[in-house]
Amino acid sequence: MRKIVSIILLVIAALGIRLSLKEVRFGEHETEVGKHYVDEGRDETGATNIVTSVVVSYRGFDTLGEVTVLFIAATGLGAVLTAGGGGKMRKTEPASLVLYTGCRILFPLILIFGIYIFIHGHLTPGGGFQGGAIIASGFLLNYLGCRERRISRVASNLAESLGGLIFVVIGLLGLVFGGYFLLNFLPKGTPNTLFSAGIIPIIYIAIGFKVGSELASIIDNLIEES
Amino acid sequence: MIVVVSFLVVLMLVGAVAASIFRDLISAVIAAALVSLIASILFYFLQAPDVAMAEASIGAALTAAIFIIAIRRTKRYEE
Amino acid sequence: MSFLHNYTYYIGAFGLIFIGLYVILTKHNLIKVIIGLGILDTGVNLFLISVGYITEGTAPIFSGPDIDTEHMVDPVPQALVLTAIVIGVAVLALALSLAIRLYQHYGTLNLRKMKGQRW
């Protein structure tokens with residue numbers, strides 16, 4: 001009975017979508033806002049990656065909201081899982097020698113790769129979120145390979161809080177120096193060099209550290225039993 | 001070119017149907033990770049390298065990892 | 001046949017959305033429902049990026065000093081989808097933590113057997 005009702009609902013939804021998407025053809029939709037960002041983006045912000053300049057400079061307030069949502073989710077997960085108390089204590093056997101040695105060699109290399117990706121976020125494809133996810137997967141490898149090491153709570157909380165604080169403080173400094181929140185007040189420099197595009201690399205470094213330590217603490221809370 | 005994209009889209013839909021049919025939950029999670037991986041390749045064909053990198057690292061690796069850790073703390077087989 | 005040539009990406013995105021909705025509506029296991037939520041999320045992101053595509057376009061990155069900006073694809077949907085992917089993984093992590101707590105309280109993950117549930 002439930003399956004028949006679900007299939008009827010999906011057919012009605014499909015008809016509605018087909019009727020409303022007759023105007024959106026594939027490959028021809030060009031908006032004025034996108035055209036302005038592509039034409040004037042390199043001169044106005046100094047970054048050569050247009051998607052980065054849209055995420056951090058033109059729509060920086062949405063990125064602040066997203067960082068807040070991620071923080072609320074990580075805190076909520078920690079609060080829900082430690083309030084229960086009691087899980088079975090499982091015996092974990094140590095990993096084999098190949099996995100242990102490989103993990104110890106690969107872990108610093110993965111961290112350096114992640115840091116490289118979010119430092120060069122305004123020049124090449126990449127940025128804070130991708131670099132933070134790579135750092136978190138490096139910590140996941142650490143849990144699977146060398147099992148007796150856990151990340152210290154103090155360091156991860158410190159990195160997460162400092163990242164969020166630097167983002168908000170730079171936005172408020174823009175309010176002090178110019179007219180509005182998240183104004184680009186540092187000099188723009190020549191494009192395609194590392195120290196260019198004003199406040200964009202600083203914000204992306206803060207976001208990279210924050211997202212990396214948050215995802216690593218999510219995994220740490222899920223693994224820990226009792 | 002259009003043949004490659006059609007083949008990838010068919011493979012993605014087969015993976016999504018498989019994720020809804022499997023009774024072993026870990027196999028369903030691996031099928032969902034396959035869907036994310038092929039979506040990341042399609043993002044690259046649609047000229048979006050930033051989004052492809054984000055989907056490959058977050059959707060295909062970290063989502064599957066937290067699913068498997070959560071399944072380990074509960075039951076493995078669907079009733 | 002030309003219909004398939006133009007709309008391959010749309011068919012893939014809507015197929016994923018409908019399969020995800022079907023899994024959410026009809027499956028009994030809670031973790032299966034959360035897997036369906038993840039598939040639905042991937043389908044919506046694929047649809048948003050494929051709307052912003054322009055035929056014979058290039059990626060919006062200036063890799064040299066003289067790149068013409070005539071045929072670059074739209075950068076605004078890519079920025080929105082970047083946000084949506086991260087929010088999707090945050091929602092999945094929180095939903096899984098609630099599933100673990102429900103299992104510790106009820107002893108089962110079957111939605112029909114949990115006390116007080118009718119649907």
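Predicted model: local features only at pLDDT ≥ 70, side-chain atom pairs only at ≥ 80, totals over all residues.
Trainee: Which elements of chain B have the lowest and the highest mean pLDDT?

Mentor: Among the elements of chain B, the lowest mean belongs to α3(B), at 93, and the highest to α2(B), at 95.

Trainee: How many helices and strands does chain B have?

Mentor: Chain B contains 3 helices and 0 strands. Followed along the sequence, the pattern of chain B is α-α-α. The C-alpha trace of chain B spans about 40 × 25 × 10 Å along its principal axes. Chain B has 79 residues, of which 47% count as buried. Among the contacts in chain B with a separation of 6 or more, 50% come from residues 24 or more positions apart.

Trainee: How many residues do chain A and chain B bring to their contact, and which elements of chain A give two or more residues?

Mentor: Chain A brings 17 residues to this contact and chain B brings 13 residues. On the side of chain A that touches chain B, the elements giving two or more residues are α6 (128–145) and α8 (200–223) of chain A. The most is given by α6(A), with 7 residues. By class, that side of chain A has 12 nonpolar, 5 polar and no charged residues.

Trainee: Let us take a single residue. Is A:Gly208 buried or exposed?

Mentor: A:Gly208, which lies in helix α8 of chain A, is buried, because 27 other C-beta atoms lie within 10 Å and the cut-off for a buried residue is 20 or more. With neighbours within four places in sequence left aside, A:Gly208 is in contact with A:Phe118, A:Gly128, A:Gly131 and A:Gly132. The C-alpha atoms of A:Gly208 and A:Glu160 are separated by 9.7 Å, and these residues are 48 residues apart along the chain.

Trainee: How is a pair of packed helices described, and at what angle do α2 and α3 of chain A pack?

Mentor: Two packed helices are described by the angle between their axes and the distance between the axes. In chain A, helix α2 (residues 32–45) and helix α3 (residues 50–58) pack at an angle of about 70°, with their axes 10 Å apart. Therefore α2(A) is roughly perpendicular to α3(A), since angles of 65 to 115 degrees count as such. The crossing of α2(A) and α3(A) is left-handed.

Trainee: Which residues of α2(A) and α3(A) meet?

Mentor: From α2(A), A:Tyr37, A:Val38, A:Gly41 and A:Thr45 meet A:Ile50, A:Ser53, A:Val54, A:Ser57 and A:Tyr58 of α3(A). By class, this contact has 5 nonpolar, 4 polar and no charged residues.

Notes: Residues numbered from 1 in each chain as written. Chains lettered and ligands numbered in written order. Contact = placed C-beta atoms within 7 Å. Helix = DSSP H or I, 4+ residues; strand = E, 2+ residues; numbered from the N terminus. Nonpolar A, V, L, I, M, F, W, Y, C, P; charged D, E, K, R; others polar. Buried ≥ 20, exposed ≤ 12 C-beta atoms within 10 Å, placed from the backbone. Axes fitted to C-alpha atoms, helices over the stretch in contact; angles between N-to-C directions. Parallel < 35°, antiparallel > 145°, perpendicular 65-115°, else oblique. Left-handed = near helix turned anticlockwise from the far one by under 90°. pLDDT = per-residue confidence, 0-100.
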